[in-house]
Amino acid sequence: MKKVVFQKWQLKKLIFWVLILLILGSLLLGYTTWTLYTDKAAEEDYWQNAMLNQVQDEAYVKKLSKNATHVKTGSYVENIKQIDMKNSSFRVVSRVWFKWYGDDDLDMVNNFGVYNGTINSITTLADEVGADGLHYQLCTLDVSVFKNFWTKRFPLESHQLRFYIEPNHSIDRVVLEVDGENCAVNPSLSSAGYDLKRFDNAIYTNEYTTTYGEPGVKRAAVTSEFMTQIEINRDSFGLYLKCFIALFGTSLWVFITLFICTFHQVDPLSMIPAALFGTVSNIMVGANLLPDALQTGLLEYVNIWGVLTILAGAFVIININRVRNKYKDNKFAALYGRIVTFILLFIVVMGHILMPVAAYMW
């Protein structure tokens, strides 16, 4: 086997471009994958924190609710009718029930609201009092809730959807409790592109920060809220492929031009602008699905990765042509092209594997 002997300028050029590709590719890929992974890992803390009932003045709340009626509250989430990321809202249909003893004048099914939500309809299904004095009310609740969706991992993101049922009465009259053994979610619940991952319920004590200027009132009201939360996750990579299929095509086009330049001594540099135009156009596919104020994340990272792939390919072609035209060395030009092209291919493929793997909730 014949040993390859490099001239000083050849070795210098080859090592320089190999190191540039490896170092810049590793730094960018390390940053993007770590950012996506930490965002995904933060979902667990976000979920658990929502279950904590953090009361600022526990003694005051306990004293205020000493003689309140304790109402067991539950929910059965039937369906997610809509997830509108563009307009920052979701719509859910759920059955909600209330059970309590005493306070015959309490009419919970007609005296509650949903925090940060608009009730589309309430249908009362049951309103009865048992022989033992247990009041029971059941209704179907159709509500649209405002939510700032996290878009860092879009289009492979998961979402935590919450709605808070708040009585029209303050905590001195009504204290809600979770009817945990009966709360559930429709096991076949799904929304277009998402699957159910988990659900839970909790009670949250809401202490208002203003009295709204009400005469004679010195301290803001405190209410007891019943919270239902569900987590949904992308059911497949379908939307991801839809957002980036054109980008994958343009990246493939770049490597075809590199192959042509390396093995056929043809200058395909004029073919690169077409790939760049295709990549820029591809960016609009995902952007049109998101609100204007989106987080920088997977959507941008993959598109930036594609743009950098095209630019790197253009620099490699320029260097191959320079070796041929300036040094009249077709043999080294072909060797340089093969080595750098395969390294670039490896880095690009690793990026398209690691970024979605880091983002997706498996």
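Which side chains meet in a salt bridge of 2.8 Å, N to O? In this predicted model, the side chains of glutamate 78 and arginine 95 do so.

## Salt bridges between strands

Glutamate 78 belongs to strand β1 (residues 69-84) and arginine 95 to strand β2 (residues 89-101), so their pairing ties together parts 17 residues apart in sequence. Glutamate 78 is partly exposed, at 24% relative accessibility, and arginine 95 is likewise partly exposed, at 35%.

Strand β1 also holds lysine 81, whose partner aspartate 142 lies in strand β5 (residues 134-146), 61 residues apart. Aspartate 142 is buried, with 7% relative accessibility, whereas lysine 81 is partly exposed at 45%.

## Other salt bridges

The whole structure contains eleven salt bridges. One of them joins arginine 219 and aspartate 57 at 3.1 Å, N to O. Arginine 219 sits in the loop between β10 (194-207) and β11 (222-234), and aspartate 57 in the loop between α1 and α2 (58-64), 162 residues apart.

## A buried lysine

Lysine 13, in helix α1 (residues 8-50), is buried and has no salt bridge. Aspartate 329, the nearest side chain of opposite charge, is 11 Å away. The side chain of lysine 13 instead makes a polar contact of 3.0 Å with that of asparagine 319.

## Domains and annotated regions

The domain assignment gives domain 1 (8-39 + 238-359) and domain 2 (52-234), with centres 49 Å apart. The unreviewed UniProt entry annotates residues 237-260, 302-320 and 332-355 as "transmembrane region". Residues 237-260 are 96% helix, and residues 332-355 are 100% helix.

Key:
Residues are numbered from 1 along each chain as its sequence is written. This is a predicted model: local features need pLDDT of at least 70, side-chain atom pairs count only at pLDDT 80 or more; totals for chains, interfaces and linings use all residues. Side-chain values use heavy atoms; hydrogens and water are left out. Domain bounds come from an automatic or database domain assignment. Helices (H or I, at least four residues) and strands (E, at least two) are DSSP runs, numbered from the N terminus. Buried means under 20% relative accessible area, exposed over 50%, partly exposed in between (1.4 Å probe, protein chains only). Lys and Arg count as positive and Asp and Glu as negative; His and the chain ends are not counted. A salt bridge is a side-chain nitrogen of Lys or Arg within 4 Å of a carboxyl oxygen of Asp or Glu. A polar contact is a pair of N or O atoms within 3.5 Å; within protein, one must be able to donate a hydrogen and the other to accept it, and residues adjacent in sequence count only if both atoms are side-chain atoms. UniProt positions are given in the numbering used here, feature names are shortened, and annotations may be inferred rather than shown by experiment.
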